[in-house]
Amino acid sequence: MSGGPNAKVGPDPATTGTELHETGVGSVFVSNYPPYSFWSPEHLGALEEAFNSEPRDGAPLGLYVHIPFCRKRCKFCYFKVYTDKNAAQVERYIEALDAELRAYRNLPAVQGRSLQFVYFGGGTPSFISAKHLSSLAARLKESIPWQGAKEVAFECEPGTLSRSKLETIHEIGVTRLSLGVENFDDAILEANGRAHVSKEIDRVRPWIQEVGFDQVNIDIIAGMIGETWDKWRVTVQKAIDYGADSVTVYQMEVPYNSAFSKQLRDGSLDIPLADWDTKRTWNDYALEQLEAAGYALSSAYTMTRQGAPDQSFVYRDALWHGSDMLATGVASFGHMSGVHYQNAGGWNDYLETVEAGNLPLQRAFPTSPDERLTREMILQLKVGSLRPEYFESKFGVDILERFGTAFDELRQEDLLRIDNGTITLTRDGLLRVESLLPSFYAPEYRRSRYS
Ligand SMILES: C[S@@+](CC[C@H](N)C(=O)[O-])C[C@H]1O[C@@H](n2cnc3c(N)ncnc32)[C@H](O)[C@@H]1O
């Protein structure tokens, strides 16, 4: 991983497990396994077979809806996002989401199943108008009802919210509202290309409280351009004072397709990026302050307020335990009966395929039982602890034996401990969990491009 004009495109930290110091270009956050770069169109047959077969017994089903519109593209953003679409194009996209879910509903793997969770991700789902949102939700529910879902999560950007739009978001059944605050300092928000300003974060707070969601999460990022200790302390204190049910702290990464990666590689980024040691220290400070304020660890990123009525995160836990998930929207990711898949990543490709009545499937990866075991184990390790008996009963494998060498090495570096049958990351391990995970990968997936 490195920056500057001669930066070579090499393996991502998400597959090398290299101890991270300098912040360079490359994916760090591990969201799935095996790495996306191994998924391909040649596996679409296996996916079709999975869709045309009965589902696995007891496997929960969820729905991911990708809303790829934003007011502005953040300079650190690596998601599929458009900032130039007009109302007619948004309308056409919403039509396509509806058509896509209707194309799923009669498949043997989907028919008759209800949704355990729904996740509106982006881009910025709160970018679309209340009218569009109501009609979209009504049409999606017609195809596959979600009234029985344990969680309906919805990502928002503060500047796109109004009191009435929050009411609509609540009326469609959203239980978990996730606000992309990122930072409370206006100079930092601007330097990183964020659309919203701090007063918009404050303005929406009373509305969110009045409308009353079961759960409110705010995201903040450690290590944004322009960050200093003094400013970070203010952001952390304001995040605590915001009184959300959970606070999620990410360490800023600079993936290949982000604006900062281009500047880093062509040498035009004139403001230094915080290194990983600094980001880990800031992250640790935030966790300590949140703990002191009555929050507790829910994962390496998320702290939940003790006493908050609902402290679960169904979407995350379902995915990390191998749930099925229908993908809708451009470049969206899904999973069916052991087969990972991704939708077409191009705007026209996605729309034209769906409008022709077909599912916009672009690539897939049929996982082996051992890959499913490894996937669940590395993702669940992000919660901070593992119980080997879960894997013994689900996969018939003793993970302490199967991954003995890796666990021993991490234990010797005091990055995790094994006591009374539980594997627990130390704080040091938690703050660098991404770089620990490749130790458990199969050799063919190490030192590769991640996405
Ligand atoms: C999919 S994004 C959607 C955010 C939403 N569009 C908004 O504007 O608030 C979800 C979260 O990922 C985090 N994120 C995005 N890019 C990141 C990066 N390069 N490094 C670390 N965290 C990042 C941010 O905290 C963001 O709130």
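**Ligand shell**

Strand E3 (151-156), strand E4 (176-182), strand E5 (215-222) and strand E6 (246-251) each give at least two residues to the shell around the ligand. The model is predicted, and local features need pLDDT of at least 70, side-chain atom pairs count only at pLDDT 80 or more, and totals for chains, interfaces and linings use all residues. Residues are numbered from 1 along each chain as its sequence is written, and side-chain values use heavy atoms, with hydrogens and water left out.

I noted 18 residues around the ligand, with Phe76, Gly123, Glu182, Asp219 and Glu253 the closest; a residue is near the ligand if one of its heavy atoms lies within 4 Å of it. By class I have 7 nonpolar, 5 polar and 6 charged residues in this shell. Ala, Val, Leu, Ile, Met, Phe, Trp, Tyr, Cys and Pro count as nonpolar, Asp, Glu, Lys and Arg as charged, and the others, Gly among them, as polar.

I then looked for polar contacts, here pairs of N or O atoms within 3.5 Å. A ligand nitrogen lies 2.7 Å from a backbone N or O atom of glycine 123. For threonine 124, a side-chain N or O atom is 2.9 Å from a nitrogen atom of the ligand. A ligand oxygen lies 3.3 Å from a backbone N or O atom of cysteine 156. The protein covers 92% of the 570 Å² of accessible area that the ligand has on its own (Shrake-Rupley method, 1.4 Å probe).

Glycine 123 sits in the loop between strand E2 (117-122) and helix H4 (130-143). Glutamate 182, in strand E4, has a positive phi near 70° although it is not glycine. I also logged a cis peptide bond from tyrosine 33 to proline 34, omega about -5°. Proline 34 is placed in the loop between helix H1 (13-16) and helix H2 (44-51).

**Second largest pocket**

I put its volume at about 190 Å³, the space filled by probe spheres set on grid points joined across faces, edges and corners. A pocket is an open set of points on a 1 Å grid over the protein atoms alone, where a 1.4 Å probe fits, with protein on both sides within 12 Å along at least five of seven lines; lining residues have an atom within 4 Å of a point. I listed 14 lining residues, with Arg56, His321, Gly322, Glu376 and Lys394 nearest the centre. Helix H13 (369-380) and helix H14 (388-395) are the elements that give two or more residues to this lining. H13 gives the most, with 3 residues. The lining divides into 3 nonpolar, 5 polar and 6 charged residues.

**Three-stranded sheet**

I traced an open sheet of 3 strands, order E13-E15-E14, with antiparallel pairing; two strands pair if DSSP finds at least two bridges between them. Strand E13 (385-386) and strand E14 (416-419) each have a single partner strand, so one side of each lacks a neighbour in the sheet. E13 is joined to strand E15 (residues 422-425) by 2 bridges, and E14 to E15 by 4 bridges. Serine 385 has threonine 424 as its bridge partner in E15, and arginine 417 also stands opposite threonine 424. E14 and E15 form a hairpin with 2 residues between them, and asparagine 420 in the turn has a positive phi of about 45°.

Definitions and conventions
A polar contact is a pair of N or O atoms within 3.5 Å; within protein, one must be able to donate a hydrogen and the other to accept it, and residues adjacent in sequence count only if both atoms are side-chain atoms.
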